[in-house]
Amino acid sequence: MEYTVRYNELTAEQFIELWETVWGQGPTLEQTRLAMEHTLFRVSVFDGETIIAMARMIGDMGLDYYIKDVIVRPEYQGKGIGRLLIGELLGFVRKSGISGTGIFVELCAMPDKIPFYEKFGFEANEAQRLKMMYQIP
Ligand SMILES: CC(C)(COP(=O)(O)OP(=O)(O)OC[C@H]1O[C@@H](n2cnc3c(N)ncnc32)[C@H](O)[C@@H]1OP(=O)(O)O)[C@@H](O)C(=O)NCCC(=O)NCCS
């Protein structure tokens, strides 16, 4: 099947639509619009007019790159689209980052997704650091 890959066009509405196919109630439109605006790189995949996958990279372009919201619509999973998304994200870092500086790309994976990311060379380092969170009331 032919899919269309789009760069930096992902809208807040599309983000929420796709989010809700896997994780239930999505974030607010207002928050998501701001997030899209401040994302370094957005990749989205379409089957015709239907959004079927997305991923984004946040960070500062110099020291920190962080992968967020890698989602393939459930009925399109297992067809190589997740691999395509990671390839696009890492390609963006290779093009935009300063080469030879050993840039680290980070992400937070759910335990059952660790083998997926390991396929692309990501390594878990839970033993060294644990993610800490604070929710602004
Ligand atoms: C995780 C996700 C993005 C993978 O996308 P996908 O399109 O199904 O993955 P692909 O078909 O491109 O798979 C690429 C490779 O990873 C493997 N893989 C995919 N999901 C896997 C998993 N959960 N565990 C182990 N291997 C996995 C595939 O078998 C394939 O291997 P191969 O290339 O050697 O044959 C998709 O399942 C998804 O959107 N899940 C819901 C949202 C989510 O949990 N996102 C990640 C948050 S951490």
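1. Helices (H or I, at least four residues) and strands (E, at least two) are DSSP runs, numbered from the N terminus. This is a predicted model, in which local features need pLDDT of at least 70, side-chain atom pairs count only at pLDDT 80 or more, and totals for chains, interfaces and linings use all residues. Residues are numbered from 1 along each chain as its sequence is written, and side-chain values use heavy atoms, with hydrogens and water left out.

2. Start with the loops. Met61 sits in the loop between strand E3 (50-59) and E4. Met61 is not a glycine, yet its phi is positive, at about 70°. Its relative accessible area is 34%, so Met61 is partly exposed. On this scale buried means under 20% relative accessible area, exposed means over 50%, and partly exposed lies in between (1.4 Å probe, protein chains only).

3. Asn8 is also worth a look. Asn8 belongs to the loop between E1 and helix H1 (12-23). Its phi is positive, about 55°, although Asn8 is not a glycine. Asn8 has a relative accessible area of 37% and is partly exposed.

4. Now the rings. Rings of Phe, Tyr and Trp (its six-membered ring) pair if their centres lie within 6.5 Å; planes under 30 degrees apart count as stacked, over 60 as edge-to-face and the rest as tilted. The whole structure holds 9 aromatic pairs. Why does the pair of Tyr7 and Phe41 count as stacked? The ring centres of Tyr7 and Phe41 are 6.0 Å apart and the planes meet at 25°, so the pair is stacked. Tyr7 is in strand E1 (residues 4-7) and Phe41 in strand E2 (residues 41-47), so the pair ties together parts 34 residues apart in sequence. Tyr7 is partly exposed, at 40% relative accessible area. Phe41 is buried, at 7% relative accessibility.

5. Another pair is formed by Tyr65 and Phe92. This one is edge-to-face, with 6.3 Å centre to centre and 75° between the planes. Tyr65 lies in strand E4 (residues 64-72) and Phe92 in helix H3 (residues 81-96), so the pair links distant parts of the chain, 27 residues apart. Tyr65 is buried at 1% relative accessibility. Phe92 is buried too, at 13%. Ring pairs join Tyr7, Phe41, Tyr65 and Phe92 into a cluster.

6. Arg6 lies over the face of Phe46, 4.2 Å from the ring centre. The test is that NZ of Lys or CZ of Arg is within 6 Å of the ring centre and within 35 degrees of the ring normal.

7. Turn to H1. Which residues of H1 are buried? They are Ala12, Gln14, Phe15, Ile16 and Leu18. Their cover includes helix H2 (29-37), E2, E3 and E4, where contact means heavy atoms within 4.5 Å. Just after H1, Gly24 has a positive phi of about 75°.

8. Last, the ligand. It is surrounded by 21 residues, the closest being Val70, Val72, Gly78, Gly82 and Arg83. A residue is near a molecule if one of its heavy atoms lies within 4 Å of it. A ligand oxygen is 3.0 Å from an N or O atom in the side chain of Lys119. A ligand oxygen is also 3.2 Å from a polar backbone atom of Lys79. For Ile81, the distance from a polar backbone atom to a ligand oxygen is 3.4 Å.

Methods: Polar contact = N/O pair within 3.5 Å; in protein donor to acceptor, adjacent residues only side chain to side chain.
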